[in-house]
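Subject: Structure handover

Hello,

Here is the structure I promised you. Please open it first, then read my notes below.

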Amino acid sequence: MDAVLDSCGRRRVRALLLLHLFIVSGAAECPKPLTWQNMVLTNEALLQNNFKEGAEITYECANGYEKEEGSGTSTCTGGEWTNPDLQCKKKDCGLPRPQPHMAFIIDEGTLFGASVKVICDKGYELSGTAYKDCYASGWSGRARCDVVTCVKPNAVANGRSSWDSDKEPEYGEIIEFFCDDGHTLIGNKTIECTETGQYSSPPPECEGKRGDVDTNKDTGAMPVIVSVISTVIVVLIVLLILHHFLLKRKGSYDTGEDLKPELLQFQNL
Ligand SMILES: *[C@@H]1O[C@H](CO)[C@@H](O)[C@H](O)[C@H]1NC(C)=O
């Protein structure tokens with residue numbers, strides 16, 4: 001019986017040993033490699049399917065990140081991957097490339113993921129994207145600052161302007177006006193194209209001097225009507241006075257007293 005028990009005990013030990021060996025050999029195969037923040041596996045590591053004891057895989061910094069220090073190697077040791085010794089930091093896009101009349105408002109810095117606002121100088125307007133984002137490939141977006149323009153000044157009646165170009169006047173440009181001989185400039189002699197695309201004031205007008213024929217019938221009709229009415233009123237008043245005077249004379253003639261010296265005077269002549 002002892003011998004039987006002995007052999008039975010030995011069998012158990014062997015089974016335990018086998019089980020232990022199985023567990024150890026099973027543990028020697030590492031699991032799927034872990035994912036780490038800001039890191040990705042190299043292409044070779046992704047294709048590798050041998051995760052046995054001692055196998056090596058390599059991590060590299062993820063898109064938008066760059067290596068600060070370390071190698072990124074992870075080794076399968078005792079069924080587990082060692083921590084990859086790699087430090088990744090955000091890529092720095094740096095300052096966006098300067099462009100004429102453009103400025104950037106940098107509130108979030110210039111690292112991967114940050115965005116900056118694009119603004120234009122006074123008198124310039126933005127065309128394109130108003131924000132730039134720092135991507136792995138660099139700053140996104142395209143923008144331009146174009147100068148503000150004003151519409152070409154209209155021709156001035158009885159005068160001319162200093163603007164003789166086919167182009168539109170740009171922000172800050174000044175236009176001067178001149179009137180033909182015998183005409184007076186009414187308004188500002190110069191106007192400036194402002195940052196809004198509007199002129200600083202309306203263009204001046206050239207007015208003919210007094211006595212000149214007024215060609216504008218709409219504004220010329222009013223004074224004519226006024227003078228006709230006032231003439232009629234004056235004539236009416238004169239007629240009334242004359243009428244009153246004549247009545248008075250007629251009345252005095254009837255008495256025959258006031259007229260006598262005058263009549264005598266005429267008779268003397
Ligand atoms: C002349 O220009 C000034 C500013 O430039 C403006 O304030 C003023 O109103 C203008 N005058 C006329 C008659 O347009």
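One term before we start: a residue counts as buried under 20% relative accessible area, as exposed over 50%, and as partly exposed in between. Keep in mind that this is a predicted model.

Asn38 sits in the loop between helix H1 (2-28) and strand S1 (39-41). Its phi is positive, at about 65 degrees, although Asn38 is not a glycine.

His101 also deserves a look. This residue is not a glycine, yet its phi is positive, at about 60 degrees. You will find His101 in the loop that runs between strand S6 (86-90) and strand S7 (102-105). His101 counts as partly exposed because its relative accessibility is 33%.

Now the whole chain. The protein chain has 269 residues, and buried residues make up 21% of them. Its secondary structure comes to 4 helices and 17 strands. The accessible surface is about 20300 Å², and carbon and sulfur atoms account for 56% of that. Take the contacts between residues at least 6 apart in sequence: 34% of these join residues at least 24 apart.

Next, the interior. In soluble globular proteins, nonpolar side chains tend to be buried together. Here, the largest nonpolar core has 13 residues. Ile57, Tyr59, Trp81 and Leu86 have the most contacts inside this core. At least two residues each come from S1, strand S2 (56-61) and S6. S2 gives the most, with 3 residues.

What does Tyr59 contact, leaving aside its neighbours within four places in sequence? The list includes Pro33, Leu34 and Trp36, then Met39, Val40, Leu41 and Thr42. Ser71, Gly72, Ser74, Pro84 and Leu86 are also among the contacts of Tyr59.

There is a second, separate core as well, with 6 residues. Val156, Phe177, Ile191 and Cys206 are among them.

Last, the ligand. Which residues surround it? They are Asn188, Ser201 and Pro202. The protein covers 37% of the 370 Å² of accessible area that the ligand has on its own. At Asn188, an N or O atom of the side chain is 2.3 Å from an oxygen atom of the ligand.

That is the handover. Please send me any questions.

Best wishes

Definitions and conventions. Residues numbered from 1 in each chain as written. Predicted model: local features only at pLDDT ≥ 70, side-chain atom pairs only at ≥ 80, totals over all residues. Heavy atoms only, no water. Buried < 20%, exposed > 50% of the residue type's maximum accessible area, 1.4 Å probe, protein only. Near = heavy atom within 4 Å. Polar contact = N/O pair within 3.5 Å; in protein donor to acceptor, adjacent residues only side chain to side chain. Areas by Shrake-Rupley, 256 points an atom, 1.4 Å probe, with all protein chains shown as cover. Core = buried A, V, L, I, M, F, W, Y, C linked by side-chain atoms within 4.5 Å. Contact = heavy atoms within 4.5 Å.
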